[in-house]
Amino acid sequence: MADQLGVNRYVLRKALRLLRATAELPSGRRRVSKTQRLPAKSGIAHMTSPAECWEVRLSLEPEIARLAAVRGTKAEIEAIEAAHARSDALIFDLEIDIEFHRAIAIASHNALALNLIEQIMEITRDPGFRAMFPAFTAETGWRHHQMIAEAIRNRHASEAENAMRTHLTAILQWLNGGGEQARVPPK
């Protein structure tokens, strides 16, 4: 399972223990059939849509931003701000965007969250996946990133959570064919 998810066994065991402790996962052991297994990482980008990807991001990243505001070290917060400082308000750069979101996950001090964000970001790098994005405008979500970085720097956990939710919701609305905000162009 660790290989299929692309995580080390320690992280997987820790996550499974947490899920079992919160009764999210039954404690009994059972084998998973091949038909129930997750697709290989290389194939998942072709089995999902950008909207589905952003739905998952929306369920994870607001909490990750909240944790970053609470747990991030000064150096980690400076890394978030440095990634944002390298971005341009009118030109989207996928690698800088990934660096920004990854820096927030690092500052959350949650190894599983970081690993999940890295896996999701790998999907967004896939050219076939990016080709599914609708037409874009010059708006890149830069202002949202600014709000997220400021909230984390100021240690305003709920503001960081809300800013991330606003950012990802705007992108999801665009992916679903509505809204003019925060359009993320293919690279």
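Biologist: Which residues in α5 meet which residues in α6?

Modeller: This is a predicted model. In it, Glu 76, Ala 79, Ile 80, Ala 83 and His 84 of α5 meet Ile 96, Glu 99, Phe 100, Ala 103, Ile 104, Ile 106 and Ala 107 of α6. By class, this contact comprises 9 nonpolar, 1 polar and 2 charged residues.

Biologist: What makes α5 roughly antiparallel to α6?

Modeller: Their axes cross at roughly 165 degrees and come within 9 Å. Angles over 145 degrees count as roughly antiparallel; therefore α5 is roughly antiparallel to α6. The crossing of α5 past α6 is left-handed.

Biologist: Why is α5 also called roughly antiparallel to α9?

Modeller: The axes of α5 and α9 cross at roughly 165 degrees, coming within 10 Å. Because an angle over 145 degrees counts as roughly antiparallel, that term applies to α5 and α9. Here, too, α5 passes α9 in a left-handed crossing.

Biologist: Which residues make the contact of α5 with α9?

Modeller: From α5 come Ile 77, Ile 80, Glu 81 and His 84, and from α9 come Trp 142, His 145, Gln 146, Ala 149, Ile 152 and Arg 153. This contact has 5 nonpolar, 3 polar and 2 charged residues. Ile 80 and His 84 are listed in the contact with α9 and also in the contact with α6.

Biologist: At what angle do the axes of α4 and α7 cross?

Modeller: Helix α4 (residues 50-71) and helix α7 (residues 111-125) have axes that cross at roughly 145 degrees and come within 11 Å. The passage of α4 past α7 is a left-handed crossing.

Biologist: What makes up the contact of α4 with α7, by class?

Modeller: It divides into 10 nonpolar, 1 polar and 2 charged residues. Cys 53, Trp 54, Val 56, Arg 57, Leu 60, Glu 61 and Ile 64 of α4 meet Ala 113, Leu 116, Ile 117, Ile 120, Met 121 and Thr 124 of α7. Arg and Glu count as charged, so Arg 57 and Glu 61 belong to that class.

Biologist: How many cavities of 30 Å³ or more does the structure hold?

Modeller: It holds 2. The largest cavity contains about 130 Å³ of space.

Biologist: Which helices each supply at least two residues of the lining of the largest cavity?

Modeller: They are α5 (74-85), α6 (94-107) and α9 (142-153). The largest share, 3 residues, comes from α6. The lining has 14 residues, and Ser 87, Phe 92, Ile 96, Asp 97 and His 145 lie nearest the centre of the cavity.

Biologist: How is the lining of the largest cavity divided by class?

Modeller: It has 6 nonpolar, 5 polar and 3 charged residues. Asp counts as charged, so Asp 97, one of the residues nearest the centre, falls in the charged class.

How values were computed
Residues numbered from 1 in each chain as written. Predicted model: local features only at pLDDT ≥ 70, side-chain atom pairs only at ≥ 80, totals over all residues. Heavy atoms only, no water. 1 Å grid on protein atoms, 1.4 Å probe; cavity = no way out; pocket = protein on both sides within 12 Å on 5 of 7 lines; lining within 4 Å. Points joined across faces, edges and corners; volume = space filled by probe spheres on them. Helix = DSSP H or I, 4+ residues; strand = E, 2+ residues; numbered from the N terminus. Axes fitted to C-alpha atoms, helices over the stretch in contact; angles between N-to-C directions. Parallel < 35°, antiparallel > 145°, perpendicular 65-115°, else oblique. Left-handed = near helix turned anticlockwise from the far one by under 90°. Contact = heavy atoms within 4.5 Å.
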